[in-house]
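The following exercises concern one protein structure. Please work through each task before reading its solution.

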Amino acid sequence: MDASLEKIADPTLAEMGKNLKEAMKMLEDSQRTEEENGKKLVSGDIPGPLQGSGQDMVSILQLVQNLMHGDEDEEPQSPRAGAVAHAYNPSTLEGQGGRITRIQNIGEQGHMALLGHSLGAYISTLDKEKLRKLTTRILSDTTLWLCRIFRYENGCAYFHEEEREGLAKICRLAIHSRYEDFVVDGFNVLYNKKPVIYLSAAARPGLGQYLCNQLGLPFPCLCRVPCNTMFGSQHQMDVAFLEKLIKDDVERGRLPLLLVANAGTAAVGHTDKIGRLKELCEQYGIWLHVEGVNLATLALGYVSSSVLAATKCDSMTMTPGPWLGLPAVPAVTLYKHDDPALTLVAGLTSNKPADKLRALPLWLSLQYLGLDGIVERIKHACQLSQRLQESLKKVNYIKILVEDELSSPVVVFRFFQELPASDPVFKAVPVPNMTPSAVGRERHSCDALNRWLGEQLKQLVPASGLTVMDLEADGTCLRFSPLMTAAVLGTRGEDVDQLVACIQSKLPVLSCTLQLREEFKQEVEGTAGLLYVDDPNWPGIGVVRYEHANDDKSTLKSDPEGEKIHAGLLKKLNELESDLTFKIGPEYKSMKSCLYVGMASDDTDVAELVETIVATAREIEENSRLLENMTEVVRKGIQEAQVELQKANEERLLEEGVLRQIPVVGSVLNWFSPVQALQKGRTFNLTAGSLESTEPIYVYKAQGAGVTPPLTPLGTHTKQRLPGQKPFKRSTRGSDALSETSSVSHIEDLEKVEHLSGGLEQMTLEASSTEGHSGAPSPRHTDQTEAVKKGALRPEVDHPQVEGLESLR
C-alpha cells in the first residue's frame with residue numbers, strides 16, 4: 001500500500017493517506033472481520049466507478065487529485081498503469097509547467113490538524129462511556145490551554161466553523177441573561193423593551209445584518225457608533241458619542257444589550273479604547289464582546305495596554321487557524337458565565353459528542369506546536385510588520401496608516417503626493433487655483449494607481465499576502481497583515497525586503513503617470529477628432545475615443561464603424577513596440593469603444609502620442625472609406641466592361657458577316673479572304689475609375705500615366721528617431737545636437753543634388769544640340785529632360801546622398 005501511495009502526485013494527499021493508515025493501525029485493537037459479499041446487481045444505469053467490486057484507495061485519491069487541480073477529464077490511474085504513472089511522479093511535476101500547485105504551505109502541524117478530522121470520525125464510533133470521557137478531556141484541555149496562552153482566566157470555550165457564529169451565540173446568551181421571561185414570552189418581551197446592539201462603524205461589513213438574521217431582530221435594534229472625526233484615530237470608536245447614544249436609548253425605554261469592540265479592525269487593524277469601553281459597559285450593564293487580529297499578541301511577552309484590556313471583557317472571538325497556519329481549524333469564542341443552563345439554551349454548550357469533537361484538530365495541533373512554537377509564529381508575524389513599517393518610512397510618496405507602530409501587526413499604506421502649503425490631498429500637476437472637482441478627480445486617479453500597484457505587487461511578491469481595500473476617508477490602500485497570511489504562505493523577511501524593492505521600482509512610473517494625466521487631457525481636448533473620456537478606474541494616463549465622420553455623439557449605442565477603427569488603431573499602435581501599453585474597451589456606462597493608454601515614464605512625449613493616435617485613426621478611416629469606394633467603382637467597372645464586350649461582339653458580327661460565324665464555311669472564307677480585324681482591348685484605371693482603350697499601349701509601346709498619384713504628405717509633428725529609440729520618447733540634449741548636425745547634412749545634400757541635376761540638364765541640352773546638327777532631336781532625351789525638370793524621373797546618379805534625398809521626396 002505504501003508503494004501505491006507514492007504514485008499520488010499531490011504530497012498532501014499522500015501524506016494524509018499515510019498518516020491515516022498509521023493512526024488506524026495504532027488505534028485498532030483487533031482486526032476487522034470480513035463480511036461475505038452477496039451477489040450484486042449490475043445495471044447499465046450504475047455509474048462506472050460503482051460497478052464491480054469497487055476501487056482501491058490509490059485510484060480514489062487519484063480521482064480526488066484530478067478534481068482538485070482541474071483535471072476532471074483525466075481518468076483515475078490504476079495501480080497497474082506503471083507507464084502512465086510516471087507522469088504523476090512528483091519529481092516530474094516541474095517539467096510539466098507546474099500543473100499541480102500547492103495552494104497553502106501545509107507543514108507537519110497542518111497534517112495534524114487534517115488528521116484530527118479523520119480521527120474525530122473514528123472516535124465517534126466508540127461506545128458512549130468512552131466517547132464521553134474522551135470528548136470531555138479534549139474539550140477541557142483545549143479550553144484550558146487557550147485561556148492560559150491568551151491570558152483569559154476562568155473562561156469557557158465555544159468552537160465553531162463560522163467565524164461570526166460565536167458572536168451570535170453570545171448575543172443569545174446576553175438576551176437570556178437580561179430578559180428573564182424570554183423563554184416563556186418570547187418576542188413579546190423584546191417588543192415591550194427593544195434590545196440594542198452597538199457596533200462600530202469600522203466593524204466588518206455585513207456583521208450587523210448577520211446578527212439580525214440569526215437572532216430574528218429588526219434592523220432598528222442595531223446602533224452604528226461613529227469613529228473619531230476630530231481627535232485620535234479615524235478608525236477608533238468614539239467613546240463620548242457612544243455614551244450619548246446609550247443615554248438616549250435608556251430614556252426611550254430601550255435596553256442596551258451588547259457592544260462589539262475591535263482589537264484590530266478588519267480594515268486597518270486599529271484597536272478601540274477597550275479599557276474605557278469596559279468601564280462604560282459596567283456602568284450600564286452592557287455585555288462587552290471583543291474581536292480582532294490583535295488578540296493574537298496576547299500570547300507574547302509584551303502586550304500593549306489597549307489590547308491587554310481585552311482580557312477583562314465578557315467574551316472574545318479568536319481565529320488561531322490563520323495565526324498558526326493550521327488548515328480546517330475552528331474559530332474559538334472564549335466567554336465568562338456561571339449559569340450552565342443559560343449557556344446550554346444559548347447553544348454555547350452541547351451534550352452531543354460530535355460538537356465537542358470540533359476541538360480535536362486544534363487539540364492535536366497545539367500539542368504538536370507547543371507553547372514555544374505558538375509564540376514563535378505570532379512573534380514572527382509581528383516582526384514582519386515592524387520590518388515593513390521601518391522600511392516604508394524611508395520611501396517617498398508612501399503614507400502609512402497605523403495606530404501604534406510598536407504593537408500593530410497590520411500595516412496599511414498607499415501611494416500619494418502632497419500639495420505644498422496645503423492639506424494632504426492628491427494632485428497631478430501643481431496647477432494654480434485647482435478646483436475641488438479637480439482635486440476629487442486626481443484622488444480617484446490616485447486610487448486607480450494604488451489598485452494597479454497592489455495588483456503588481458501581488459504578482460511580483462505572492463508570498464507577501466497583500467490585499468487591496470477601499471477606505472472611505474483615505475481611499476484605496478494596500479494592507480499587509482502577516483498574522484493572517486504569513487504562517488499559511490510562509491512569508492519570510494526576505495519577502496518583505498523584496499516587497500519594498502518592488503515598491504521603490506514602481507514609484508517613478510506612478511508619479512510620472514499621475515503628472516502626465518492632466519497634460520494628456522489637455523492635449524486630447526485641444527485636438528480635433530478626439531474625445532477625452534474620464535474613467536477614474538483606469539490606472540493609466542488616460543482614455544480617448546476617436547470621433548469618425550459618421551459618429552452619432554447624441555447616443556451611446558454600439559458603433560460598429562467606430563469599433564472597427566479602434567481595433568485597427570490598437571493593432572497599429574501595438575506594432576510600434578513602444579513602452580506604452582494600449583487596450584481597447586467600452587466606455588464607462590457606454591457601448592462605444594475607447595482606447596486606453598497605460599502607465600507612462602517621465603520621458604514620454606504626450607504631444608507626439610496624441611498626434612500619432614489621431615493621425616493613425618484618420619488614416620484607418622480614410623483607407624476604410626477608400627476601400628468601400630473602390631468596391632463600388634470596381635462593381636460599376638465590371639458592369640461597364642460587360643456592356644463594352646457585348647457591343648464589341650455585335651460590331652464584330654456586323655463586320656465579318658453571318659457566314660463567317662458558321663464553323664466550316666467561316667474557315668473556308670477566312671482562308672480565301674482573311675479578315676484584318678483590329679483587336680480592341682480595354683484596361684480599367686483604378687485611379688480614374690473608368691475603362692480606357694489599350695491602343696496607346698500597343699502604339700507607343702509604353703503605358704501613359706493618366707493620373708499621377710499624389711505624394712504622401714509627411715506629418716507635421718513627425719520627428720526622426722535615433723537608432724534604438726522607441727516611439728513617444730522625448731529626445732535628450734545629445735540627440736538634439738545630433739538632430740541639428742543631421743539637418744545641416746541634409747542641406748548640403750540638397751545643394752549637391754541641385755548641382756548634379758543642373759549638370760545633368762546641361763549634358764542633356766548639349767546632346768540635344770549635337771543631334772540637332774545631324775537631324776531632329778531625340779524624343780527620348782527630350783522626355784527625360786522634361787521629366788528631370790518636373791521631378792518625375794530620378795536622375796541616374798550613383799550617389800548615396802542623392803538616394804537619401806529621393807527617399808525623402
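A contact means heavy atoms within 4.5 Å. The model is predicted: local features need pLDDT of at least 70, side-chain atom pairs count only at pLDDT 80 or more, and totals for chains, interfaces and linings use all residues. Residues are numbered from 1 along each chain as its sequence is written, and side-chain values use heavy atoms, with hydrogens and water left out.

**Exercise 1.** Describe the protein as a whole.

*Solution.* Begin with the contacts: among those with a separation of 6 or more, 67% join residues 24 or more positions apart. Next, consider burial (under 20% relative accessible area, with a 1.4 Å probe and protein chains only). Of the 809 residues, 41% count as buried. Then take the accessible area, computed by the Shrake-Rupley method with a 1.4 Å probe. The protein exposes about 46,400 Å², and carbon and sulfur atoms supply 54% of this area. Finally, helices (H or I, at least four residues) and strands (E, at least two) are DSSP runs numbered from the N terminus. The secondary structure comprises 27 helices and 17 strands.

**Exercise 2.** Determine the order of the strands in the seven-stranded open sheet.

*Solution.* Two strands pair if DSSP finds at least two bridges between them. The order is E1-E7-E6-E5-E4-E2-E3, with mixed pairing. At the edges stand E1 (156-160) and E3, each of which pairs on one side only. For the angles, axes are lines fitted to C-alpha atoms, for helices over the stretch in contact, and angles run from 0 to 180 degrees between N-to-C directions. With direction ignored, neighbouring strands of the sheet are turned by 20° against each other on average. Helix H6 (residues 128-149) lies across E1 and strand E7 (331-335), at about 110° to E1.

**Exercise 3.** Which residues of helix H10 (residues 207-215) are buried, and what covers them?

*Solution.* The buried residues are Leu207, Gly208, Tyr210, Leu211, Cys212 and Leu215. Their cover includes helix H7 (165-178) and the strands E2 (195-200), E3 (222-225), E4 (255-262) and E5 (287-291). After H10 comes Gly216, with a positive phi near 75°.

**Exercise 4.** Which charged end sits over the ring of Tyr210?

*Solution.* The rule requires NZ of Lys or CZ of Arg within 6 Å of the ring centre and within 35 degrees of the ring normal. The charged end of Arg164 sits over Tyr210, 4.2 Å from the ring centre. Lys336 lies over the face of Tyr152, at 4.6 Å from the ring centre.

Terms used. Buried < 20%, exposed > 50% of the residue type's maximum accessible area, 1.4 Å probe, protein only.
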